[in-house]
Amino acid sequence: SLVFRARNRSMSAKPFKVLITHPEVPQSGIDLLKEHCELTQVLSLPPSRAELLEKIKGVDAVLWGGHSPLNAEALDAAGPQLKCISTMSAGIDYVDVAEMKRRKIPLGHSPTVLDAAVADLAVGLLIAAGRRFHEARRKIDSDNWESYHLNWLLGQDVRDSVVGFFGFGGIGQAIAKRLSGFDIDQVLYTTRRRIDQETEKELNAKKVDFDELLAKSDFVVIASPLTPATQGIFNATAFNKMKRTAVLVNIARGKIVNQNDLYDALKSNRIFAAGIDVMDPEPLPPTDKLLTLDNVVVLPHIGSATTRTRSDMSTIAAHNVLRGLAGEPMLSPAY
Ligand SMILES: O=CC(=O)O
């Protein structure tokens, strides 16, 4: 029949089946994929794992939106024809990378396009925590507007400060670039490998070890991936090496910080304040003791949450998938 032939033709024109694992993946990536692929999509919201495991059966590739674990269970459900996957995130801590590699499945992710949005938010947190935004707002709410004190709500200056980066990739460098407009004194950074000297010079940045970073920084910004080596590294020992006036900013992953120790360090004023977009667990229960503190600004993981950035992340993820299906190197391979 005509219908049958039309169907056949479109199937031969679109040889690949691709699953989109989230109903809210921005249209930009979907439009790119649907030119070349037959799409199925997880439609439940929040996305159900069961629906994902059902719909992943037999697909050639996956645009992995959201942070559902990408593990052996999902890969087994997909089947051996699976050719590639791209996440729509920078961090891939919810991916079993060893399992993906063992099966020789290329993985893409979407860093870089979110550097600016996350860096903007980090600067916002750094100022909000250093200048006591949360505590100050609470003063208004509780009718304690005590501006007759000359030293009321005094905070930390950004100008002439030393800003230390734990992790200094695209996001860290984008933050440093923005802060150079605030007349900071020096950028320090701790990474496994030294960055190129031209960028060091441009950002007035110097590589130091972890202890020196902690001891010398007025603001410590966590901008590293979560790995076994970084998990829990910001613990009581680390906080005890920081300045009492120091402000901690975390826009990376909550588990890099021992949150119990962070609570103690903030509660006892061992450090001055913290501004965090990530925590452990997420979502953070509204009853968590961290939320009782005056000196922490907490945001619900909105670093990349701008319309343009999310759309760009979807575009990059779709390009990764298309390239993976074509057997070409991805735009942003995760390994
Ligand atoms: O946290 C968000 C991301 O990794 O993209």
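In this predicted model, an oxygen atom of the ligand lies 2.6 Å from a backbone N or O atom of G91. A90 also has a backbone N or O atom placed 2.7 Å from a ligand oxygen atom. With H301, it is the side chain that supplies the N or O atom, 2.6 Å from an oxygen atom of the ligand. Of the 190 Å² of accessible area that the ligand has on its own, the protein covers 85%.

The table lists these pairs.

| Residue | Part of the residue with the N or O atom | Distance to a ligand oxygen atom |
|---|---|---|
| G91 | backbone | 2.6 Å |
| A90 | backbone | 2.7 Å |
| H301 | side chain | 2.6 Å |

The surroundings of the ligand consist of S89, A90, G91, L114, R253, H301 and M313. By type, this shell has 3 nonpolar residues, 3 polar residues and 1 charged residue.

The model also holds an open sheet of 5 strands. Its strands follow the order β2-β1-β3-β4-β5, and their pairing is parallel. Strands β2 (37-41) and β5 (107-108) each have a single partner strand and stand at the edges, so one side of each lacks a neighbour in the sheet.

Within the sheet, β3 (residues 61-64) is paired with β4 (residues 84-87) through 4 bridges, in the parallel sense. In this part of the sheet, L63 is found opposite S86 of β4.

A helix, α2 (residues 27-36), lies across β1 (16-20), β2 and β3. The direction of α2 is at about 130 degrees to β2.

Technical notes: Residues numbered from 1 in each chain as written. Predicted model: local features only at pLDDT ≥ 70, side-chain atom pairs only at ≥ 80, totals over all residues. Heavy atoms only, no water. Near = heavy atom within 4 Å. Polar contact = N/O pair within 3.5 Å; in protein donor to acceptor, adjacent residues only side chain to side chain. Areas by Shrake-Rupley, 256 points an atom, 1.4 Å probe, with all protein chains shown as cover. Nonpolar A, V, L, I, M, F, W, Y, C, P; charged D, E, K, R; others polar. Pairing = 2+ DSSP bridges. Helix = DSSP H or I, 4+ residues; strand = E, 2+ residues; numbered from the N terminus. Contact = heavy atoms within 4.5 Å. Axes fitted to C-alpha atoms, helices over the stretch in contact; angles between N-to-C directions.
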